[in-house]
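These are my notebook entries on one protein chain. I set down what I looked up, entry by entry.

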Amino acid sequence: MLEFTEEQIKRYARHIILPEVGGKGQEKLLSSKVLLIGAGGLGAPCGYYLGAAGIGTLGIVDFDTVDLSNLQRQIWHGTADVGRYKVDSASDSIARINPDVNVITYKEKIDSQNIKDLIKDYDVIIDATDNFPTRYLINDACYFMRKPLVYGSLFRFDGQATVFLPGEGPCYRCLFPAPPPVGLVPSCQESGVLGVLPGIIGAIQANEAIKIILGVGKTLNGRLLIYDALDMRFTEMKLRKDKTCPLCGENPSVFDLIDYENFCDVKN
């Protein structure tokens with residue numbers, strides 16, 4: 001059993017006094033491993049809250065560098081970080097928040113060849129990416145390896161979040177069986193995105209990951225949460241497992257990981 005230091009008791013006091021968390025729950029968090037795929041708009045608030053909560057090991061995957069246009073929403077990067085790898089900037093930000101967190105960075109693009117090795121040692125996977133090919137790849141890999149997946153996405157003033165628990169509910173392909181045609185979905189360079197929107201959806205993703213680790217509450221498994229920032233409205237849609245799903249349905253047609261290259265370029 002983990003023995004808390006005096007500093008940790010003070011740091012996590014507001015967790016420890018919650019009956020649903022307590023000392024045992026905080027110990028679970030400190031012993032947990034979460035992989036955050038994407039260090040941009042969604043990854044920044046999600047990673048911040050996971051680090052503050054005391055996630056023991058936080059893996060961060062991203063091969064991109066910080067651009068000035070990122071700073072409107074990717075809050076763990078600053079002006080001085082422009083040009084740096086996002087994972088390096090993110091790691092420094094987490095270190096400033098909480099020295100308890102072991103941050104492991106991966107400066108690589110995930111594909112069908114490396115994703116299984118990347119996710120195998122983690123308890124929860126968070127999809128904070130910004131493009132369809134990667135979302136399908138993450139979904140399929142998590143399904144094959146039975147890893148809980150916390151999903152989030154953004155478009156202009158709208159955001160979505162849900163949880164996929166392999167064997168316990170639908171998967172991403174139940175919602176979107178196949179990627180849309182090239183060019184159908186505009187990039188954020190073309191359509192824009194409200195700067196605070198990733199903060200709202202990313203925080204929801206962190207909340208769901210923490211609940212999964214603690215085993216408390218009701219996750220978004222089987223429910224799609226849709227947020228409209230303009231009307232300040234949350235809408236919930238039930239998600240059911242699709243019997244015809246090409247991945248988890250009764251007669252699957254997807255048996256291995258697929259790379260959807262040159263599909264779309266969406267930067268959140």
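**Entry 1: R146.** Does R146 count as buried, partly exposed or exposed, and why? The model I am reading is a predicted one. I found that R146 counts as partly exposed because its relative accessibility is 48%, and the partly exposed class lies between under 20% for buried and over 50% for exposed. I located R146 in the loop between α7 and β5. I also noted its backbone: R146 has a positive phi of about 55 degrees, although it is not a glycine.

**Entry 2: the helix before R146.** I turned next to α7, the helix that R146 follows. Helix α7 covers residues 132–145, which is 14 residues. From its first C-alpha to its last I read 20 Å, close to the 20 Å expected at 1.5 Å a residue. I then asked how many of its residues are buried. The count is 12 of 14, and the helix is thus mostly covered. Among the buried ones I listed F132, R135, L137, D140 and Y143. The elements that cover the buried residues of α7 include the strands β1, β4, β5 and β6 and the helices α6 and α8.

**Entry 3: strand β4.** I then looked up its partners. β1 and β4 run parallel and are joined by four bridges, with L36 opposite I126. β4 also pairs with β5 in the parallel sense, over three bridges, and here I126 stands opposite V150.

Entry 4: I followed I60 as one example. Leaving aside neighbours within four places in sequence, its contacts include L35, L36, W76, V87, V103 and Y106.

Entry 5: Which sense of pairing do β7 and β8 show, parallel or antiparallel? I found them antiparallel, over six bridges. L225 stands opposite E236 in β8. Four residues lie between the strands of this hairpin. M232 is in that loop, and it has a positive phi of about 50 degrees although it is not a glycine. At 57% relative accessibility M232 counts as exposed, because the exposed class begins over 50%.

**Entry 6: the whole chain.** Last, I recorded the overall values. The secondary structure comes to 10 helices and eight strands. A compact globule of 268 residues would have a radius of gyration near 18 Å, and the chain has 18 Å, which agrees. Its C-alpha atoms fill a box of roughly 55 × 45 × 40 Å along the principal axes. Buried residues make up 53% of the 268. Of the contacts with a separation of 6 or more, 70% join residues 24 or more positions apart. The chain exposes about 12,600 Å², and carbon and sulfur atoms supply 52% of that area.

Conventions. Residues numbered from 1 in each chain as written. Predicted model: local features only at pLDDT ≥ 70, side-chain atom pairs only at ≥ 80, totals over all residues. Heavy atoms only, no water. Helix = DSSP H or I, 4+ residues; strand = E, 2+ residues; numbered from the N terminus. Expected span 1.5 Å × (residues − 1). Buried < 20%, exposed > 50% of the residue type's maximum accessible area, 1.4 Å probe, protein only. Contact = heavy atoms within 4.5 Å. Pairing = 2+ DSSP bridges. Rg over C-alpha atoms; globule rule 2.2 N^0.38 Å. Areas by Shrake-Rupley, 256 points an atom, 1.4 Å probe, with all protein chains shown as cover.
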